[in-house]
Amino acid sequence: MHALHGHELIYGFLVTEPMESQQGSSSKILVAFLALGSVFLSATGWLYWLSINRPAMTGKVESENNRSIELSFPTNLDELSVMASYLQQYKKDHMSYVLVLFCSAYLYKQTFAIPGSVFMNLLGGALFGVWKAFPLCCFLTAVGATCCYLLSYAFGRALVLKYFNNRVAPLQNKIQENLQSLFFFLLFLRLFPMSPNWFLNITSPILGVPIVQFFFSVLIGLMPYNFMCIQTGSVLSEITSLNDMLTFDVLLKMIGVAFAALLPGILFRKYGKDKVKKEP
């Protein structure tokens, strides 16, 4: 770690200690908004094209209710149940289309940090079953989060430092404190159920978190949460509220797993300090 006139170099990225001095100019912020808006509109256009060009069911006639269903992101369990029921029928004739639609929608939510991933995991469990949906959703979670990382790396620095300046500084300090065991620290953040994953996604490239460590911390760290949601989705008809899924007991177990992920990092740092003390 080398101090460079009020800056610190972390994994090759220049990060300012006084974050306020790095706030982007108005022109940079405008360019960032335009660039992100263009990407967002393109992705939205792709989803819209998929939704209005769904192939017709073969060998059967769709009911009036099915024809009137609009493909959209579910926002509650009732909408999710209707959507899951429709797509379960639909994938019998058009499995590839349903898979492309699901993957596109999942990546869309993850890439643009749109809340509601719980419903996508539930839908995945209802459509594909636990053992197919689990690896698929874990992979999509990591890929989508990495797309968000790359968007933030390319266009987000000025926006993040302008609108989240006060929240970035404490996280920067924590990352500097845990550089020797960064992966385990990132894993802890992902496993901890109250961590704001969207914020970690957009700030990680700004703070110099290596993309490989970022990808695998998301892939592994969100496995317990994804599995819980997908398993619940596989018995979607039996749940009446999201509270049936995220109980106090489940939260305690997830918190315990998160703190267990810190142990290797703590031991690694302690071993490193002891080794330095023994050296002449």
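Okay, let's start with Leu87: leaving aside residues up to four places away in sequence, Leu87 touches Leu71, Val98, Leu101, Leu123 and Leu127. Keep in mind that this is a predicted model.

Staying with helix 6, let's look at how helix 1 packs on it. Helix 1 covers residues 26–52, and its axis comes within 9 Å of the helix 6 axis, with the two crossing at roughly 130 degrees. That angle is why we call helix 1 oblique to helix 6. The crossing is left-handed. If you want to click on the contact, the helix 1 side includes Ile29, Phe33, Leu36 and Val39, and the helix 6 side includes Leu151, Phe155, Leu159 and Tyr163. There's a lysine on each side too, Lys28 in helix 1 and Lys162 in helix 6.

Now, cysteines. How many disulfides does the structure hold? The count is 0. Take Cys103: it's in no disulfide, and the nearest cysteine sulfur, in Cys137, is 8.4 Å away. Cys103 counts as buried because its relative accessibility is 17%, and the cut-off for buried is under 20%.

What about Cys137? Its closest cysteine sulfur is in Cys138, 7.2 Å away, so that's too far for a bond. Cys137 is at 0% relative accessibility, so it counts as buried as well.

Methods. Residues are numbered from 1 along each chain as its sequence is written. This is a predicted model: local features need pLDDT of at least 70, side-chain atom pairs count only at pLDDT 80 or more; totals for chains, interfaces and linings use all residues. Side-chain values use heavy atoms; hydrogens and water are left out. A disulfide is a pair of cysteine sulfur atoms within 2.5 Å. Buried means under 20% relative accessible area, exposed over 50%, partly exposed in between (1.4 Å probe, protein chains only). Contact means heavy atoms within 4.5 Å. Axes are lines fitted to C-alpha atoms, for helices over the stretch in contact, and angles run from 0 to 180 degrees between N-to-C directions. Helices (H or I, at least four residues) and strands (E, at least two) are DSSP runs, numbered from the N terminus. Angles under 35 degrees count as roughly parallel, over 145 as roughly antiparallel, 65 to 115 as roughly perpendicular and the rest as oblique. A crossing is left-handed if the near helix is turned anticlockwise from the far one by less than a right angle, and right-handed if clockwise.
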